[in-house]
Amino acid sequence: MARRVLTGGIAQESHSFNPIVTLRERFTIVEGPAAVELNRGANSTFGGVIDAACEGDVDLVVPTLFRAQSGGPVQDRVFEEVSEIMVDAAKRGDFDAVVLPLHGGMLTESLEDPEGVLVERLRAIVGRAVPITAAFDLHAHVKESTLEPLDFLAGYLTNPHEDQSATAKRAFQAAMGILDGTFTPVLAATFLPMLTLGNDTTLSGPLVDIHAYAREAVRQSRVYDVSIFNCQQFLDVDGMGQTVLAYGNGEIDEAQKVANEIMRMIWNHRDDLVEKYPNLDDELRKVRESESSIIIGDQGDRVAAGGPGDSTYVLNHLLANCFEVETYIPICDPDAVEICSRAGAGNRIALNFGGKYSTVSPSVVVEGKVSGVGENAPVVYDGPSDGGTKTYIAKYAVFEIGSIKVLLTNQPYAYIDPDYFRAVGLDPEHAKIIVTRSGYHFQLNFAKIGRVVTADTPGMTSYDIDQFAWRHARPFYPLDRIEFEPRQYVRLRR
Ligand SMILES: [Zn+2]
């Protein structure tokens, strides 16, 4: 009989200082065989679980999967709903292993390690006999409580992320290896209270060599698998920082050496991992001087990092400098969407929008034309990052101010993919300037459209981390002077 794997859960990345609680309506929810069909082949962690199951002739049980873009902490009630569904499914016991496509950087209103709590609850039901593995984002916050109930955890090895599916396959294969008796996971983990702030792509800079070292350790079979988590920068939780995992196959010594060496490399590069982004004015000047189009990541209000998505900073800058080139700029403002919807497409109105949560630049008050309104506009990611992912824009209006087309939405989106614009009738190939609410991942998916650059703008997701009233995470580098004393965690048994 074919093996069966229980999968699903809840995935979101949280920002401690975003006051907007993430409610159920922000989640895309899938379940059952339809979820499997919908996500087959997608370059997401769930897509990876599905493809690995298909290749291994394994049947999947998907009680539910809630996924949302980043934002404020998730409402407790939403987490409890998912937890209850997964726990009920676990009680049925009709599966051989559990493989969870989660994020690892989620918070709820009251939990600072909800992933650990979910896995612990599942573990309490299935016992030690059933392997539980998970795939997390590279920006996850991983600590002892996360690792304790898990047999194996894999994190993305790329930023911008392009190995979501591959990461889930690592988690899936680990579970199968445990069942087959070919993999006996032993874990050496190290933790360091430190943030990387900007120069932390895996395409260039210090992380290139660090990941090369990790890959070589796996290739030489010194260790079974390595994950390097560069924690999301806006998580005010105890024990927050960098996490390195090295799994051995029954042998811990090399795993410990590799984990410690990688953390030492991260620490040695601590100052190189901090970087300033290019100046917005300089980038816009280049637009005036050249024919090519530019796609700008608004560093200060990245929904991809949990920002509210309503910053008017770039728009006010364009208006003040009389830019008259075709521009698409997204702003989240549910009230403005309602007003535009009532006015109807084709009508001119005066509108006050944006800047309600992002207070670095005032709301825009201007007359313009509502050129489109709609809801549930389907989006399919071109990729490569999250390619094939299917989602939708809930409610939107396109508001034109001369050549500037403001995409107003009732929910915040990161716009990591050009298809968000096509979904509302805006052709990315026609724009000279496109603004996104992402700092890394959009760069992969927009590279074919034009020049991609993340500009230094102020706001809740800028790396000016001094702006926050940290209560739990400190002391950490670079806000505080710390010594190199990484915490260690070793697990020798399953
Ligand atoms: Zn990430």
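Helices, of at least four residues, and strands, of at least two, are DSSP runs numbered from the N terminus. With these labels in mind, please begin the tour. The model on the screen is predicted.

**Stop 1: the domains**

Colour the protein chain by its three parts: domain 1 (1-183), domain 2 (185-274 + 466-494) and domain 3 (280-462). Between the C-alpha centres of domain 1 and domain 2 there is a distance of 22 Å. Where these two domains meet, 41 residues of domain 1 are in contact with 39 residues of domain 2.

**Stop 2: the largest nonpolar core**

In soluble globular proteins, nonpolar side chains tend to be buried together. Select Ile10, Leu100, Leu122, Leu147 and Leu153, which touch the most other members of the largest nonpolar core, a group of 44 residues. Elements that give two or more residues to this core include α3 (76-92), β6 (97-101), α4 (114-126) and β11 (242-249). The most comes from α3, which gives 7 residues. Both domain 1 and domain 2 give residues to the core, so it lies between them.

Now centre the view on Ile10. Neighbours within four places in sequence aside, the residues in contact with Ile10 include Phe27, Phe66, Val78 and Met106. Then turn to a second, separate core of 30 residues, where Ile296, Leu315, Ala336 and Ala455 are among the members.

**Stop 3: helix α4**

Select α4, which has 13 residues. From its first C-alpha to its last, α4 reaches 18 Å, close to the 18 Å expected at 1.5 Å a residue. The buried residues of α4 include Leu118, Val119, Leu122 and Val126. An α-helix has 3.6 residues a turn, so residues three or four places apart point the same way. Display β2 (9-11), α3, β6, β7 and α5 as well, for these are included in what covers the buried residues of α4. After α4 comes Gly127, with a positive phi near 75 degrees.

**Stop 4: helix α2**

Is helix α2 (residues 45-55) largely enclosed or largely open? Of its 11 residues, 9 are buried, so α2 is largely enclosed by the rest of the structure. To view the buried residues, select Thr45, Phe46, Gly47, Gly48, Val49, Ile50, Asp51, Ala52 and Ala53. Asp57, which follows α2, has a positive phi near 55 degrees.

**Stop 5**

**Stop 5: backbone exceptions**

Most residues other than glycine have a negative phi, and most peptide bonds are trans. Start with Asn159 and Pro160, whose peptide bond is cis, with omega near 5 degrees. Pro160 is found in the loop between β8 and α6. Next, go to Tyr477 and Pro478, which are joined by a cis peptide bond with omega about 10 degrees. The loop that holds Pro478 runs between β19 (451-455) and β20 (487-491).

Proceed to Cys322, a residue other than glycine with a positive phi near 50 degrees. Cys322 is located in the loop between α10 (313-320) and β13 (327-332). Its relative accessibility is 54%, so Cys322 counts as exposed. Asn376, although not a glycine, has a positive phi of about 50 degrees. This residue belongs to strand β15 (residues 364-380). With 47% relative accessibility, Asn376 counts as partly exposed.

**Stop 6: Pro63**

Finish at Pro63, in the loop between β4 (59-61) and β5 (65-67). Is Pro63 buried or exposed? Pro63 has a relative accessible area of 15% and is therefore buried, since buried means under 20%. Neighbours within four places in sequence aside, Pro63 is in contact with Leu6, Thr7, Glu31, Ile85, Met86 and Ala89.

Definitions and conventions
Residues are numbered from 1 along each chain as its sequence is written. This is a predicted model: local features need pLDDT of at least 70, side-chain atom pairs count only at pLDDT 80 or more; totals for chains, interfaces and linings use all residues. Side-chain values use heavy atoms; hydrogens and water are left out. A nonpolar core is a set of buried Ala, Val, Leu, Ile, Met, Phe, Trp, Tyr and Cys residues joined through side-chain atoms within 4.5 Å. Buried means under 20% relative accessible area, exposed over 50%, partly exposed in between (1.4 Å probe, protein chains only). Domain bounds come from an automatic or database domain assignment. Contact means heavy atoms within 4.5 Å. The expected span of a helix is 1.5 Å times one less than its number of residues.
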